[in-house]
Every structure is written in structure tokens, then in C-alpha cells.
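I wanted a quick look at how the pieces of this protein sit against each other. These are my notes from going through it.

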Amino acid sequence: MKRYLWRRAGGFLLTALLVNFATFFILQVLPGDPALLMLGTEGSPEAYAALRRELSLDKPVLPRYGQWLLRFIGGQWGNSWRYSLPVRELVSRAFPLSLGLALLAVGAAAGAALPVGLYMALRPRSFGSRLLSLGTQLGLGLPQFWVGILLIQLFAVQLRLLPPGGAEGWVSFLLPTLTLALPRMAVLSRFLRAGMLEALAEDYVRTARAKGLPQGSVLFKHALRNAALGPLTAAGVQFAQLLAGTIVVEQVFGLPGVGQLLLNGVFQRDLPLVQAVVTLVVLLILLFDLAFDLCLGLLDPRIRYE
Amino acid sequence: MWKRMGLQLIIALLLLTWGGFASAQVLNVAIPQDPDSFDPTRTVAAATSEVAFNIYEGLVKATPEGGVAPALASHWTVDQGGTLYTFYLREAYFHDGSPVTVEDVVHSLNRARDPELAVRAGELAVIKEITALENAVQIELHEPHGAFLYLLTEVYASIYPKGAGDLSRKPIGTGPYYLADWGPNQRLELRRFEHHWSGQRPYFAQVNFLIMPDENSMVLNLKAGRIQLIPRLEVSVLHQVENSPGIKVLASPMNLVQLFAINNARPPFDDLRVRRALALGLNREEILLGAAWGNGFLLDSALSPAMAGFYHDGLGEINPYDPQRAKELLREAGQENLRFTLTLPANYPFHVQAGEIAAQQWQALGLEVDLEIVEWGTWLERVYTQRDYDVSIIGLAGRLDPHAILVRYTTDSSRNFFNFSNARYDELIELGLRAEGEERRAIYLEAQEILARELPGIFIMDPQQLAAMREEVQGWRSYPVYVVDLASLYQ
């Protein structure tokens, strides 16, 4: 177990460094000069030269990367070029929001998927199951952008029950959560249905039933525990994806999350900002991944860490 | 029973939280993106000048009619030679409570023209020296500059306290509002400044600029009442609000010149016949309808009609839609089978659409047009700076004075990405700075005619600025520059 953790930690650093290095160089080779982008169509050659000097863009790439890395590790993350604010401040505002939204969305999706998936597995041929199956297919296929707009139209414009956007109070998170949760719930419930159907056909379920265990015990203690591995892994992947922000939903609901920050940063070739955000996202995902793997072991004692 | 009570409780809670938005004297305004920096020496984004107009003031300020009005200077004099301006300061206070002194003015303007400090210092290069008098500031110019006062209305010429720290996030100005809070990608909160020199208090005590990158959500937020004003509505969503109860849309010229830029240095576009053929082959009526849904004004000049005093309105006959003649010109130039690339900036759907319509029209002449859609960063680098393109499309923002717009087409201008060169034109732009009144007007009329005949590019339209707001919002004033005037609004 200890060796396992050490090995994972090593892999961690290497991955983070690689991604970090790649981002830096991709931003260098992309057409679009940060100084030009800052000046727009009104800049003069003198201003351009001065700005390049100030951003150290006139220096060679490798030493610049080294310098950036040392400072970053030392906690000096610099100022964003796009927002003229400290990167730390931008990041510390955006990450909690995206993290919270990811938790809410995946939590809601998993919470709703459990009864839906179970119902579809236990009554596979009922009318309700067919309806739900159709519903989950819709949930998978509908673009989030459109769903978000429809939800705003219904709940904010027509019914005037919820705010149409912004991050002001907990109510403003209901619609974004719903928008994000719908397609994810569809995925999870289909996973759960498949897993349950498979588990229910297994010998140990028949044995459990034969020795007279009550239905609830058979379902939840025996079948669900085995069927949950698939959907849980899927939920983990969903959560990790959401950590990097959700550009579409953030745009539709005007939420100041990681996605917005990264998008604007990339458009402006805002190196300090993009580097910090990408590195943090990678670290968060790796950390979550590790924690998740450890948790799966609790669920399934067959999993070994070596 | 419990269930019902729970439901009622939830609804009551929802209403409580949500009801907080609709309090009086607070105005919520939607803008698509954050300002870049409130440091007047650093900012270049239009998104900043829009907000900063309410926070900062210069010696003078722009008026809705496109003129210049006194601001921190109550009045001024100009000497006979036109090179010595004396501005007399009025009694005014900064947001931090300190009085505005001549030292503050000298300090701010000296920083604004210092090439080491200010990104747009070049525009104030005409200043030779700034001297503090007892209650006035004297500015000496190297040479007469007819547009000098207009330069002083720009954000870069704002006045701030001499001892001010970093202004980029905490601006200190003298305007009718001050910045109370700024949450990036979320909102800017402005509060009314109670000690403005004018003695007037704007109606709204608080104005929030909410950042909303998506135009559809903007409209829904306006309908739901979370915001009351969209200063610049995308024309593509106009139909969603046009007949909505409780919402009105006010249109005005944007003072933006949308044009096809042509690389005049690159064969065969160095041949005027080819450029003319492209111009004659364009049915701009169709572009106006297709890209702007008819909300715009067709242009034949490099100036918008918003520049009322200088706009040349007699150029319409020079390049009429005439595909037959266009084909003849191409034949004469030996370019019937010309193939070229039309580069479109992806971040402006409006320009992309206009470009796609034009490409079809040019293809109808028998030309082969390759569309290339590029990201803004690429456009700035390749088209604007390296001038490596055939034909492109862009909107050039208007200014208050024709010189600032027209100087772009002079041979040596760093902003002349057309590679246009015309000796008479260069001479006229020089002369224009020294001339006054009718003479100055005549010079700019001739300059506009040269551009229409020699075609550095093809002028398309000045789109309309569409300001969408709740019915109850009154007092909207449109400007020929990129600002939102909050102080004039009330309900």
C-alpha cells in the first residue's frame, strides 16, 4: 500500500510537469501574439515593443519556462495579462465555484439515477421503464446549451420562480445544476440498469433468494453492491471532467467558473493565467483519481493496491 | 400536511432570495466581457472605455453629438498659432475625497504621453510640454493639431490623483460613479459619487455591469427582469425582443466602419481595376439584409454619417452595384479567373456572415474565393500586423475626429494594413491638422473621395447600435464613441 502511494505520487508529479510543459509550448507556437492581442487594432509599433519587453516575450522560451516554473512552485503566480489581476485571486474565485457545481451536478445525477436505474432493471418490460429509457436517450442527446436556455425560459421568464443566471445565492445554482445533471443522470441510470440486470442473473442472487433472504436485502446488499462499480466509475469520470469547468453552462448562466477563465485566457494567450489554471486542474484531477481508486477498494475488496 | 408546508416554505424561500434583484435605484446592465484594466496608461479594450467613461474624466469630455464639452477644465483658450492651450481648472474632487490640483493634471498627462509607461503614448506625441500655472494648465504642442481637444476626451487622457497606487483594479477618478467591487467574469459594481463637481446626482445609486458572454441569456435575463439594459444587443437576437412587452429597443449609428480590407501591395490587387471589380461586384444591399437584418447604413466613405460635420454623402455614384462592368474590368486586367483568399475573423459572427455573402457574389463573377476563418489572435498577427492576406473584413471603430480615423490610410501609418499609398491623400491628411472650419471640412471631403475612388478597401456599412432596455428605463443617450452614459439614465 505504501509503495503504491509513492508510485502514484511520482506519476503525479511527472504528469503535472509534462502537461504544464506542453501547455507552455503550445501557447508559444499558436499564432496570436499576447502583446498584439492586448493592443488590438489601435496599437503602435513602439507600444508593441514596450509591451513585449514588459511581458518578457522578447526572451527565449526555455529560460522563460524555467523562470515561470520556479516562481510558480514558490507561490508567485504573477498577474493575469487579460484581467490585470493576480492569478491567485482569479483562481481562488473560480475554482470553488466549479468544484461546488461539479459536486452538485454529479451528486444530483447519481441521486436521481439510483431509483431510475433500479426501476428500469427490476421492471424492464413495464411501460414506465420504456418511457424512462426514452427519457434517458433524450437526456443524452439534447445539447446542454439548448436545455439551459429552455430551463431559463421556463423557470425564470415564464414562471419567474428562479433567477435566470448569475451566482447570487444558492437558488441561482438550481438551474445550472439541473442542466448539468440531466445528461449525466441519463448515463448513470443506464449504467446502473445494465449492471443490475447482469447482477440479478448471477448465481449468488439466486442463492440469496433461495435461502429466503428478503427482497430488499437481496437487491441492496448483494446485487447493488456489485452493480454499482460501473456507474460509480462513470460518475468519477464525470466529476473529473466537470472540475475543468463547463464552458457552455457557465456561458449560458453567466457563472464565473474555471471554464470561462480558461477560455478567455486562451483567447488572449494569457500565459500566466492559462498555465496556472491548467496545472491546477491537472493536479486536482490526479488527486481525485487517487482518492477515487482508494474508495473503490472499500466497495470491492477484490481490488488490491500493489 | 407536512409535505405541503414544506413545499410552501421552499417557494417562499425562493421568492425571498430572488426578490432581492428588483430593488429601486439599482440598475443592472449586461456586457459580454470584462474590462482589461482601469489603469488609463494600460487600457485598450472598448469594453473598458464603456465602463470607464463613468468613472474617469479628462479636462474635456465627449458629447452625444460628437462634440467636446468642458469637464475638469471649466474653460480654455488657444493662442493665435494654435499651439498653446491653456485649461482653467474648476473646483472638483476625486473619489477618495482629495481636491483636483494642477499637479494631478500635469502628472496624469505626462504619464499618458510617456512611451515607457503608456501603451497609447504615441497619440499624444504632439505635446511638447505641459506646465502648471496657478489654477490652470498650459499645454504646448509641437505643431498645430486640429484634433487635439478630441484626443483629450479619450480614456488615456483621464485625470487621477498624483499619489494614486495601482489603478488597474482600483480606479480613482472624478466621474459620477466610482468602482466599488469587481468580480472577474461576474460583475462590476459601481456606486454613485455624491461629490461630483457638477453638483448633480444621477438617479441610480448603484449600477451593476453583469458579465454575460452569451447573447441568448442576455435577452432572457432582460425578459426575466434580472437586468434592465443591454447597451449593445447582437442583431442576431433582435427578433427575440422586438415585440416583447415591457422592452424597448433604441437604434442609433454605431460609428463603426465595416469594410473589406484589400492588400493593395499584393498583385493583382495592386491593380485598381481589380479592386474596382471587387467593389462593383458587391451587392451591399444584400449584405445589409443578410448579415445585419437591415439594421445599418450603407457606406461609401471611410467615415460614418455619425461624423455629421465631415461625412461626404455624395460618393454613392462612384461604385454602384454593376456585375457586368465588374466582369469587363477583370477581363481588361486579365484576371477573369482570379483566385484569392478571404480571411474572416471568427470572433465576429457579423463579419463572418457578411464575408460569406460577399464570397458568393464574387463567385458569381467567375472568381474563385477561398474562405479562411481565423481566430482573433491569428487575425491580428497575420492580417493586421504582418499584412499577409489578400482580402479580409473588419469593423474599424469610429472616433470623434476625422483625423484619428483617416490617418490610418496614410502611407507611413503603422495601422495602414491595407498597404495603401497615395501622395495626394498623405498631403491632405497633413494639411487637415493645420486647417480649421470650412477649409478643414473641404480637405476631409476630398480625402474621402480619394478613398472611394482608389479603394484601399470596400466600405460596407455602419451597423446600428441597438440598445435594448426595460420600458421604464429613461434617458438613454447614444454616443458616436464606445461609452455607456449612466448619469443620464433614470426611471
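**Entry 1: what I'm looking at.** This is a predicted model, so I treat it as such. I looked up the domain assignment for chain A, and it lists domain 1 (2-73) and domain 2 (91-299). I then checked the C-alpha centres of these two domains of chain A and got a separation of 33 Å.

**Entry 2: domain 1 against domain 2.** How many residues of domain 1 of chain A are in contact with domain 2 of chain A? I found 22, facing 18 residues of domain 2. Together the two domains of chain A bury about 1800 Å², and carbon and sulfur atoms give 72% of that. I also asked which three residues of domain 1 supply more of its buried area than any other three. They are Arg8(A), Phe12(A) and Leu27(A), with 31%.

Entry 3: I got two salt bridges between domain 1 and domain 2 of chain A. Arg8(A) turned up again here, in a salt bridge with Asp293(A) whose closest N and O atoms are 2.9 Å apart.

**Entry 4: which helices carry the domain 1 side.** Helix 1 (2-29), helix 2 (34-39) and helix 4 (61-73) of chain A each give at least two residues to the side of domain 1 that touches domain 2. Helix 1 of chain A has the largest share, with twelve residues. Sorting that side of domain 1 by class, I noted 15 nonpolar, five polar and two charged residues.

**Entry 5: chain A against chain B.** Next I turned to the two chains, where 53 residues of chain A contact 48 residues of chain B. The buried area between chain A and chain B is about 4500 Å², with 57% of it on carbon and sulfur atoms. Thr41(A), Glu42(A) and Glu168(A) supply 14% of what chain A buries against chain B, more than any other three residues.

**Entry 6: polar links between the chains.** I counted five salt bridges across the interface of chain A and chain B. Last, I sorted the side of chain A that touches chain B and got 30 nonpolar, 13 polar and ten charged residues.

Note on methods: Residues numbered from 1 in each chain as written. Chains lettered and ligands numbered in written order. Predicted model: local features only at pLDDT ≥ 70, side-chain atom pairs only at ≥ 80, totals over all residues. Heavy atoms only, no water. Domains from an automatic or database assignment. Contact = heavy atoms within 4.5 Å. Buried area = accessible area lost by both parts, 1.4 Å probe. Salt bridge = Lys/Arg side-chain N within 4 Å of Asp/Glu carboxyl O. Helix = DSSP H or I, 4+ residues; strand = E, 2+ residues; numbered from the N terminus. Nonpolar A, V, L, I, M, F, W, Y, C, P; charged D, E, K, R; others polar.
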